[in-house]
Amino acid sequence: MLLHGVIEFLQKIRAGLGSTDRSTRVQKLRITAVVLIVFALLVKYVVAPKTTKFAVRRKIALKPGWQMRGIWAKFPFAMIDHCYLFNVTNPEGVVNGEKPVVKEVDPFVYEKWHEKTNLRDHEEDDTVSYTAKYTYYYDKKRSGSLTGDEEIIFPNLFALILIEIVARTDPTMMPLISNLFNDSANKNGESQCVTEDF
């Protein structure tokens, strides 16, 4: 409506430019320039920001049924996770008190798919609550020579954490912890290391 009125005004001015009086033509050109500047400023500072804000909100809003909601709820492509592990190559030596010798086994590559389930909209504070679900798939092609069936031996983290906590809080208890792990090692084999299939 506003644009239509400006166009009609400019057409009237253009029709009147045929006047022979030079001062009248200059005055009409000045008025036309001022109108065009006011129109440009109006579009730039009033119309454009409001339409841009509306378009952006429409694209990023998480309202049910809107495009962004579907993309946000179920990510359309997988994130790639690289898992680097260290294999203890001398587990028998570790049981006998030697320093662990480790070799990097790299990388196990997984596709991680993100999905949000149990979506609940809360209109009172304009939020969405959900349950996150992550699904991992082993990627044999990106993992190179690794098949995913490798056997990895790594330190028993529970035992290491327990030893660290006891050493920091009450060092006098270390002989008791040492006896506990030695007894466990005699009964179960290697307690300082854990073997896992990947």
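**Salt bridges, sheet and helices of the predicted model**

Arginine 69 has a relative accessibility of 8% and counts as buried. The model in which this residue is described is a predicted one. The cut-off for a buried residue is under 20% relative accessible area, so the value of 8% places arginine 69 in that class. Across the chain, which has 198 residues, 18% count as buried.

The side chain of arginine 69 takes part in a salt bridge with that of aspartate 121, with an N to O distance of 2.9 Å. Distant parts of the chain are linked by this pair, since arginine 69 belongs to helix H3 and aspartate 121 to strand S2, 52 residues apart.

The salt bridges of the model number 4. Side chains of opposite charge can pair when their charged atoms come close. Lysine 63 sits in the loop between helix H2 (22-60) and helix H3 (67-73), and aspartate 126 in the loop between strand S2 (102-122) and strand S3 (127-138), so the pair ties together parts that are 63 residues apart in sequence. Lysine 63 counts as partly exposed at 34% relative accessibility, and aspartate 126 as exposed at 59%.

A further salt bridge joins the side chains of glutamate 164 and arginine 168, at 2.7 Å from N to O. Both residues belong to helix H5 (residues 157-169) and are 4 residues apart, about one turn of the helix. Glutamate 164 is partly exposed, with 39% relative accessible area, and arginine 168 is exposed, with 68%.

As to the overall arrangement, the chain contains 6 helices and 5 strands. From the N terminus on, these elements follow the order α-α-α-β-α-β-β-β-α-α-β.

An open sheet is formed by 3 strands in the order S1-S2-S3, with antiparallel pairing. Strand S1 (79-88) and strand S3 are the edge strands, each pairing on one side only. From one strand to the next, the twist averages 35°. Strands of a sheet pair through backbone hydrogen bonds, either parallel or antiparallel. Between S2 and S3, the antiparallel pairing extends over 11 bridges. Lysine 112 is placed opposite tyrosine 136 of S3, and histidine 122 has threonine 127 of S3 as its bridge partner.

S2 and S3 form a hairpin in which 4 residues lie between the strands. Aspartate 126, in the turn of this hairpin, has a positive phi of about 55°, although the residue is not a glycine. Most residues other than glycine have a negative phi, and most peptide bonds are trans. A positive phi is also found at asparagine 118, where the angle is near 55°. Asparagine 118 is located in strand S2 and is partly exposed, with a relative accessible area of 48%.

Glycine 148 lies in the loop between S3 and strand S4 (151-155). This glycine counts as buried, with a relative accessibility of 15%. The C-alpha atom of glycine 148 is separated by 7.4 Å from that of tyrosine 138, the two residues being 10 residues apart along the chain.

Helix H2 comprises 39 residues, and the distance from its first C-alpha to its last is 55 Å, close to the 57 Å expected at 1.5 Å a residue. H2 has a kink of about 40°, centred on valine 43. In the UniProt record, an unreviewed entry, residues 29-48 carry the annotation "transmembrane region". In the model, residues 29-48 are 100% helix and 0% strand, and the end C-alpha atoms of this span lie 26 Å apart.

Key. Residues numbered from 1 in each chain as written. Predicted model: local features only at pLDDT ≥ 70, side-chain atom pairs only at ≥ 80, totals over all residues. Heavy atoms only, no water. Helix = DSSP H or I, 4+ residues; strand = E, 2+ residues; numbered from the N terminus. Buried < 20%, exposed > 50% of the residue type's maximum accessible area, 1.4 Å probe, protein only. Pairing = 2+ DSSP bridges. Expected span 1.5 Å × (residues − 1). Bend = angle between axes of the 7 residues up to and from the residue. Axes fitted to C-alpha atoms, helices over the stretch in contact; angles between N-to-C directions. UniProt positions renumbered as here; feature names shortened; annotations may be inferred.
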